[in-house]
Structures are given as structure tokens and as C-alpha cells.
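Welcome! Take a moment to look over the sequence and the model, and then we will walk through the fold together.

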Amino acid sequence: MVEFQAPTTQTVKTARLELRIFKESFLDDFHTIWINPTTTIWTLSGLSTSLEDSRTRMARLLPNPETPDTLNYGVFIRPSALPSSDSEAAAAPLHGRMVGMLGVPGVSSPGTAEIGYVYDESVWGRGYATEALAAYMSVYWDHAKSINAVVAMVDPENTPSIKVLEKCGFVAVEYLVKNIVLPALGTRDTLILRIERPRATRTPGLA
């Protein structure tokens, strides 16, 4: 049995963002994201049906001793990165609110983890997803010593997400045809992208 170690990096700061380990207090913001049909269009889970449904979903992202290689963060915009005072009205809804989430909620096979992320549509197109993912990967390799590769499953038509992954070093390795059903879009193909742990930190004998 792998000894559980709570995440050593509770908060990760980038130039514009702050990544915070998931807590139960994030529920209201989590629910707001998952009841937006545009925000969730590319997700396998689809829209949340209720606050309790959101609570159940979020529980899977909390630190858990039974899944030591998981690591999930809520994404917040740092106050210094919010729009300037001449746009205070537009900035107000973002202040102190979780605008996205990313992480590894589970391990797909020995030595390989699967990552996912979702952001509120109000912050799309600002480069936050790339900034957060780059910071996350450097932290994740230190956290999950038994993981030597991370994969992401993406709809081939979700071009912005594919670009985010490629900018962070992920490479397309497989294309699956009509293998999945998304609640908002029906039967879809899947593009699998993969990134390997830096060689200097690899764990021998793992995939």
C-alpha cells in the first residue's frame, strides 16, 4: 500500500493566477461552472443537475488517501491581474471567485495518469488555461513519484484545448473513432495527447 502524503504545495502562484488545492468551501463556485451549458459543452460529465450533484462530483477532487497520485486545484485570478480600475464593473464578478479547475482525478493505468480541466466561459481566450497547466505539470511530477506519463482525452474539434496541451508539451499519440458519448454533443471521436515525465526524474520500471 502506498503511504498517503497530503499535497505539499497547497497553493501555486503564477504571474496572473493562483491554484488552490480543492476544498469543500469551493462548492458554490464549482456549481456555477458546472451549470453553464457553454462552459461544459466538451465535458464527459455534462451539466450538473443540482447543488447536491455538484457536491458529489467535487468530492472526487478532494485530497484522498486512497488515491495518492491524484492532485486537483481550483484556479483563481490573482487580484493584481484583474482588469484595471476603469473596468471595475466587469472585474467584480471575477474577484475572489474560482474561474476554473484542473488536475488528475484518477490514474488510468499503472504509471499513467489522466488530466482534465474546465474553465468558465467568461475567462476563455485569455491564456489562463495554458498558464495554469504549465505550472501544474511542474508541481505534479514532484507530487506523484509513481507516475511517468500523463494523458489528456480531447475532442478533435476542441481546437483551443488541443493548443493549450501542445503549448505545454503534450503530443498527440492516438485517435479513437466514435468511442465516447458527450451529453451535449452525442457520439464523438477522441484525440489522446501524452506527456512524459522529464527523464532526469523518471521512476525506473514504470510505463
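## The sheet

Two strands count as paired if DSSP finds at least two bridges between them. Helices (H or I, at least four residues) and strands (E, at least two) are DSSP runs, numbered from the N terminus. With that in hand, here is the sheet: 8 strands form an open sheet in the order β1-β2-β3-β4-β5-β6-β8-β7, and the pairing is mixed. At its edges lie β1 (11–13) and β7, each of which pairs on one side only. From one strand to the next, the twist averages 25°.

Before going further, a word on the source: this is a predicted model, in which local features need pLDDT of at least 70 and side-chain atom pairs count only at pLDDT 80 or more, while totals for chains, interfaces and linings use all residues. Residues are numbered from 1 along each chain as its sequence is written, and side-chain values use heavy atoms, with hydrogens and water left out.

## Around β8

Which strands pair with β8 in the antiparallel sense? One of them is β6, over 6 bridges, and β7 (residues 171–182) is joined to β8 by 8 bridges, also running antiparallel.

β7 and β8 make a hairpin with 3 residues between them. You can follow the pairing along the two strands: Ala 172 is opposite Leu 193, Leu 176 is opposite Thr 190, and Val 181 has Thr 187 as its bridge partner.

## The nonpolar cores

A nonpolar core is a set of buried Ala, Val, Leu, Ile, Met, Phe, Trp, Tyr and Cys residues joined through side-chain atoms within 4.5 Å. Buried means under 20% relative accessible area, exposed over 50%, and partly exposed in between (1.4 Å probe, protein chains only). The largest such core here has 38 residues, and Tyr 136, Tyr 140, Val 150 and Phe 170 have the most contacts inside it. Among the elements that each supply at least two residues are β4 (98–109), β5 (112–119), α4 (128–143) and α5 (159–167). The top contributor is α4, with 10 residues.

What does Tyr 136 touch? Not counting residues up to four places away in sequence, its partners are Leu 19, Leu 71, Tyr 73, Leu 102, Gly 103, Val 104 and Ile 115; contact means heavy atoms within 4.5 Å. There is also a second, separate core of 13 residues, including Met 58, Leu 61, Leu 62 and Phe 76.

Helix α1 (residues 27–34) and helix α2 (residues 51–59) pack at about 105°, with their axes 9 Å apart. Axes are lines fitted to C-alpha atoms, for helices over the stretch in contact, and angles run from 0 to 180 degrees between N-to-C directions. Because angles of 65 to 115 degrees count as roughly perpendicular, α1 is roughly perpendicular to α2. Phe 30 and Trp 34 of α1 are among the residues making this contact, as are Leu 51 and Met 58 of α2.

In the loop between α1 and α2 you will find Thr 40. Is Thr 40 buried or exposed? Its relative accessibility is 3%, so Thr 40 counts as buried. Leaving aside neighbours within four places in sequence, Thr 40 is in contact with Ile 33, Trp 34, Gly 46 and Leu 47.

How values were computed:
Angles under 35 degrees count as roughly parallel, over 145 as roughly antiparallel, 65 to 115 as roughly perpendicular and the rest as oblique.
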